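Q: I have a protein model open and would like to go through it piece by piece. Could you help me read it?

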Amino acid sequence: MRKELWLWSLFTLVLLFAAGCGNSAKTGGGKGADAEWEPSKPIEVIAPAGAGGGWDTTARAISKVLDEEKIINQRLAVVNKPGGGGAVGWSYVDGKKGDNHLLFVTSPPIFFVPLNGQSDLGHHDFTPIAAVTSDYAAFIVPADSPFDNMNDLVDALKKDPGSISVVGDSAPGSMDHMQFVKAVHAAGVDVKNLKYVSAQDGGGMAMLLGGKVDVYSTGVGEAVEQARAGKVKVLAITAPERLTDEEMKEFPTLIEQGIEDDFIVWRGIMGPKDMDEAAVKYYENAIKEMMETNTWAEVRDNYGWEDNFMPSQEFKEFLDEEYEEIASLMEEMGLKK
């Protein structure tokens with residue numbers, strides 16, 4: 001009896017082992033969540049905008065650190081796909097469903113652009129990999145501008161909203177536009193008649209310095225170099241309190257100027273829809289490892305970013321919650337299509 005029981009137990013173990021092998025075969029090549037996966041060719045990293053903007057800067061910074069630290073065993077090639085406030089780049093990525101060798105940088109415009117009717121694609125159409133940084137908006141003017149602070153600008157906008165031209169590197173109704181709209185709306189400006197100029201080739205700073213526009217709505221990191229050179233004045237940033245970085249601590253917040261508003265510019269990495277779970281995990285781990293290096297800390301501090309790591313699932317939940325909040329804001333302002 002004992003011998004029969006032993007044989008039956010052995011037979012059961014063999015069946016379980018065979019079943020496990022069968023499942024492994026089905027999920028081989030990186031197809032399953034537990035399967036090991038590594039990139040087998042160069043990775044395309046899409047910046048859905050022109051050179052010099054926030055997406056481009058972030059894409060190149062991440063790619064550079066991953067390469068220098070040898071965290072990923074393949075070359076990361078940054079490719080700019082400007083147009084439509086990100087929609088051109090998203091359309092390209094959408095055509096690569098299931099591609100494990102394609103990533104792109106994302107931020108709040110992935111909400112704004114579809115909500116204002118400029119794209120049929122939104123965050124639900126892609127695979128969240130990881131959130132990486134938090135940044136803040138900055139509203140800047142030329143050094144010789146008559147506006148010395150945000151309240152000077154608000155007063156002029158209240159008198160004649162259309163008399164001041166505001167440029168951003170995103171499409172109308174997208175992030176650079178909406179972060180400015182949100183701020184001056186909180187200050188009591190009639191935002192329906194604002195004059196917004198879209199420089200989707202990343203040429204907003206050049207337009208400001210060339211005297212073609214009055215105000216540039218951008219990210220804090222994009223303002224530092226020209227502020228350091230004395231070519232621009234930073235009227236306000238959207239952080240809840242002053243930043244501690246030596247080169248940014250003089251930038252005043254909206255709140256300290258009596259405007260009760262702040263705005264966080266998060267940035268993260270996504271991929272095409274239907275990416276293998278093992279590939280998602282690989283990139284998620286690679287980004288986490290990258291953010292623990294001294295090389296990343298130096299790059300991050302140089303641009304004034306703050307670490308904001310979220311793994312794939314947490315990032316997805318964050319995106320869903322943020323989308324609902326922004327949709328409500330745009331509906332209130334009559335900008336939701």
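Q: How many residues does α2 have, and what does it reach from its first C-alpha to its last?
A: Helix α2 has 15 residues and reaches 21 Å from its first C-alpha to its last, close to the 21 Å expected at 1.5 Å a residue, where the expected span is 1.5 Å times one less than the number of residues. Helices here are DSSP runs of H or I with at least four residues, and strands are runs of E with at least two, numbered from the N terminus. Please keep in mind that this is a predicted model, in which local features need pLDDT of at least 70, side-chain atom pairs count only at pLDDT 80 or more, and totals for chains, interfaces and linings use all residues. Residues are numbered from 1 along each chain as its sequence is written, and side-chain values use heavy atoms, with hydrogens and water left out.

Q: Ok, and is α2 mostly covered or mostly open?
A: Mostly covered, since eleven of the 15 residues of α2 are buried, where buried means under 20% relative accessible area, exposed over 50%, and partly exposed in between, with a 1.4 Å probe and protein chains only. Among the buried residues of α2 are Trp 55, Ile 62 and Leu 66.

Q: What about Glu 68, why does it count as partly exposed?
A: Glu 68 is in helix α2, residues 54-68, and it counts as partly exposed because its relative accessibility is 44%.

Q: How far apart are Glu 68 and Met 290?
A: In sequence they are 222 residues apart, while in space their C-alpha atoms are 9.9 Å apart.

Q: Switching topic, which residues of strand β5 are buried on each side?
A: In β5, residues 165-168, Ser 165 and Val 167 are buried on one side, and Val 166 and Gly 168 are buried on the other. In a regular strand the side chains alternate between the two faces of the sheet.

Q: Which strands does β5 pair with, and how do they run?
A: Strand β5 is joined by four bridges to β6, residues 195-198, and the two run parallel; three bridges join β5 to β7, residues 215-219, also parallel. Two strands pair if DSSP finds at least two bridges between them. Val 166 stands opposite Tyr 196 in β6, and in β7 the bridge partner of Val 166 is Val 215.

Q: Last one, how many helices and strands does the protein have, and what share is buried?
A: The protein has eleven helices and ten strands, and 51% of its 337 residues count as buried.
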